[in-house]
Amino acid sequence: MVDTASRTETASPEASVPPVPGKAASAPVPAPPASARPSGPTVDVAALGRQLLGTWADIRLEARERAAKPDLQRIEGQTMAEHRQRVYEQLKILVEHGAVQKAFPKSLGGQDDHGGNIAAFEELVIADPSLQIKSGVQWGLFGAAVLHLGTQTHHERFLPAIMSLEVPGAFAMTETGHGSDVAAIGTTATYDEATQEFVINTPFRGAWKDYLGNAAVHGQDAVVFAQLITKGVNHGVHAFYVHLRDADGEFLPGVGGEDDGLKGGLNGIDNGRLHFTDVRVPRDYLLNRYGDVAPDGTYSSPIQSPGRRFFTMLGTLVQGRVSLDGASTAAAAMALTIAIRYGTQRRQFNGASETDEEVLLDYQRHQRRLLPKLATVYAQTFAHDEFLVKFDAVFSGKAASDEDREDLETIAAALKPLSTWHALETLQEAREACGGAGFLAENRLVGLRQDLDIYVTFEGDNNVLLQLVAKRLLTDYSKQFKEAGFGVLARYAVGQAADKALHGVGLRRLGQNLSDLGSTARSVTGLRDEQTQHELLADRVETMIAEIAGRLREARKLPKADAAAVFNRNQNELIEAARAHAELLQWEAFTRALGRTTDPGTKQVLTWVRDLFGLGLIEKHAAWYLINGRLSPQRAQAVTAYIDRLLERLRPYALDLVDAFGYTDEHLRAKIASGAEQARQDEARAYYAEQRRAGTLPVPEKKAKAKK
């Protein structure tokens with residue numbers, strides 16, 4: 001166990017925290033100043049690190065060992081062409097290391113390990129986000145589409161070459177004119193009974209497939225999504241296996257395309273556009289797990305409802321959202337590790353001391369900038385592991401009912417937006433917190449920020465995904481009353497009236513004011529209670545959904561255009577309710593992780609981190625709690641006051657909390673997190689100390705004037 005209290009003033013600035021078992025030694029960590037040393041509980045960094053690694057800990061460690069190797073890492077300053085080629089060659093290294101087979105069938109040399117596959121894939125963001133996403137295109141989208149939408153014949157015919165990278169491929173779903181709205185794509189695949197072929201066309205410019213990884217240079221084949229038309233009937237979106245290029249890399253007849261060129265990030269991926277003019281593919285190139293066409297053109301499907309068939313097909317590809325949630329959380333964790341290590345070394349401005357400047361992390365504002373974001377990363381980490389367990393259960397068949405799949409899709413649509421947004425916010429805040437040093441490419445923060453920018457619209461725009469979550473919440477809400485009799489509805493109406501009386505007239509706030517009696521301490525006692533936090537977070541979700549449902553209920557009786565207008569007027573609140581639901585999921589996952597923490601010191605510190613996360617959410621939404629009568633002004637003020645107190649308590653543990661992520665110098669590759677800043681600071685302090693000892697330090701002008 002690492003005893004952080006044992007770090008002393010005389011400790012070497014290059015002293016390292018003992019390594020977590022199974023990991024490379026961590027970067028040198030300086031001894032914190034006396035004011036920042038914990039006097040209370042200690043954190044078992046090794047045990048906490050193992051807990052953060054989650055269910056597939058050993059697989060993550062193996063993947064991190066690969067990510068620490070220079071031949072898989074990004075070289076800053078390469079041209080786009082050089083970066084693209086390097087990443088393509090790195091895919092071959094992954095194949096050689098046996099790192100890509102986990103999710104594929106054992107019959108083809110895979111491992112049928114869906115959760116382990118995603119866990120390993122997420123860790124590639126440490127090496128280079130371009131490598132992570134390009135490998136995701138090849139095996140997580142192109143290969144996974146064949147695996148999950150095709151049948152045994154397709155698996156045997158196509159997957160071996162996909163797994164070995166003999167056939168690089170693209171995933172051609174998104175169109176220039178239809179991004180998240182997949183159901184409305186314009187590409188068509190019309191069945192020709194005479195030749196038993198599908199004829200694929202992009203009938204207008206907006207139907208071109210766009211933003212596709214592997215499309216500009218490397219892709220030889222693709223899975224193309226198109227409207228399946230046979231006997232004059234459109235059966236909706238289906239997937240087809242299509243050859244794109246010949247052995248010389250030239251487009252085949254009828255296939256054309258363009259290079260998307262330089263992007264805002266991820267320039268190691270050859271994104272491009274594809275279009276098709278009368279491209280013919282055999283009938284059995286239809287990936288027909290959920291829909292098939294007989295030689296005579298007759299369509300059949302095991303799922304009769306076109307809507308349910310469409311969402312079932314898309315649901316098999318949910319792993320993209322799963323992996324983006326995990327990779328974004330990892331990127332934010334790396335950013336905070338860099339910024340917090342730097343913040344414990346970099347000194348600026350004289351504070352209480354007349355001789356020494358203060359380290360940045362001793363300033364309250366610096367703590368406010370970084371530690372709440374650290375608490376959020378912890379919440380996301382625990383929520384993501386539960387999410388990944390759910391994903392593995394669904395895709396392994398252990399829990400593969402329609403309800404299980406719907407739950408998984410809803411969780412994916414809830415968590416992916418929060419983690420991708422938070423990654424961008426954290427990378428920007430970490431960059432600013434590191435000043436000019438954070439802006440240097442060598443310290444990675446700006447590069448990661450550029451690369452992860454696209455994650456917020458990958459696999460669905462975040463706002464669109466949260467709207468899907470809100471619709472599910474409304475559906476679940478309405479189910480409570482679908483079969484309800486008059487008595488149930490009457491009791492609900494009475495409950496709603498009582499709730500309005502309690503909150504609307506301010507009785508709860510009055511009760512809080514009387515209870516607190518002007519004492520911040522009394523206000524805080526209730527807020528740090530686990531049940532109270534849960535009630536406040538859950539109540540916000542339930543109240544928002546109930547209010548929106550009430551407004552939308554009457555819209556069902558209106559003409560379609562008027563009903564759509566009512567829905568649109570409530571869209572913003574729907575998205576906010578979904579976001580509140582996702583935040584609640586993260587808080588609950590964090591709380592369950594606390595229940596599994598056995599070391600007393602670690603549990604105490606983690607409890608403070610969980611409280612910082614939970615109360616931070618309440619502070620962020622304080623206006624809602626005040627307007628709706630859930631908090632009194634006194635208690636709302638107490639939230640902020642207690643957060644400030646938590647920051648002081650957590651400051652001595654900041655290094656422990658980021659060390660537990662387990663990232664080494666080889667992972668971070670940021671000079672400002674390596675101890676170099678500490679060496680510079682020590683050199684400067686030694687210089688001035690020697691001048692003071694020798695009496696050669698010039699007297700400041702103010703002191704010289706005061707002596708006269």
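The chain of this predicted model contains 26 helices and 13 strands. Of its 708 residues, 55% are buried. Contacts between residues at least 6 apart in sequence were also examined, and 74% of them join residues at least 24 apart.

In soluble globular proteins, nonpolar side chains tend to be buried together. In the present chain, the largest nonpolar core has 198 residues, and Phe 225 and Tyr 378 are the members that touch the most others in that core. With residues up to four places away in sequence not counted, the contacts of Phe 225 are Leu 149, Phe 171, Ala 172, Met 173, Ile 185, Thr 187, Lys 209, Val 237, His 238, Ala 239 and Leu 317.

Ala 222 belongs to strand S5, which runs over residues 221–230. Its relative accessibility is 0%, so Ala 222 counts as buried.

The buried residues of H22 are Gln 634, Arg 635, Ala 636, Ala 638, Val 639, Tyr 642, Ile 643, Leu 646, Leu 647 and Leu 650. An α-helix has 3.6 residues a turn, so residues three or four places apart point the same way. In helix H13, which comprises residues 462–482, Gln 467 was examined. The relative accessible area of Gln 467 is 16%, and the residue is therefore buried, the limit being under 20%. Apart from neighbours within four places in sequence, Gln 467 is in contact with Phe 567, Gln 571 and Ile 575.

Rolling a probe the size of a water molecule over the atoms shows where empty space is left. Five cavities of 30 Å³ or more were found, and the largest cavity holds about 230 Å³ of space. This largest cavity is lined by 18 residues, of which Leu 52, Arg 60, Arg 64, Glu 123 and Thr 381 are the closest to its centre. At least two lining residues of the largest cavity come from each of helix H1 (45–53), helix H2 (57–67), helix H8 (319–343) and helix H9 (364–396). H8 gives the largest share, four residues. Sorted by class, the lining of the largest cavity consists of seven nonpolar, six polar and five charged residues.

Positive phi values were noted at two loop residues. Asp 112, although not a glycine, has a positive phi of about 50°. Asp 112 is placed in the loop between helix H3 (80–96) and helix H4 (114–122), and its relative accessibility of 37% makes it partly exposed. Leu 266, also a residue other than glycine, has a positive phi near 55°. The loop that holds Leu 266 lies between strand S7 (255–259) and strand S8 (272–276). With a relative accessible area of 3%, Leu 266 is buried.

Terms used: Residues are numbered from 1 along each chain as its sequence is written. This is a predicted model: local features need pLDDT of at least 70, side-chain atom pairs count only at pLDDT 80 or more; totals for chains, interfaces and linings use all residues. Side-chain values use heavy atoms; hydrogens and water are left out. Buried means under 20% relative accessible area, exposed over 50%, partly exposed in between (1.4 Å probe, protein chains only). On a 1 Å grid over the protein atoms alone, a cavity is a set of points where a 1.4 Å probe fits but cannot get out, and a pocket is an open set with protein on both sides within 12 Å along at least five of seven lines; lining residues have an atom within 4 Å of a point. Grid points are joined across faces, edges and corners, and a volume is the space filled by probe spheres set on the points. Ala, Val, Leu, Ile, Met, Phe, Trp, Tyr, Cys and Pro count as nonpolar, Asp, Glu, Lys and Arg as charged, and the others, Gly among them, as polar. A nonpolar core is a set of buried Ala, Val, Leu, Ile, Met, Phe, Trp, Tyr and Cys residues joined through side-chain atoms within 4.5 Å. Contact means heavy atoms within 4.5 Å.
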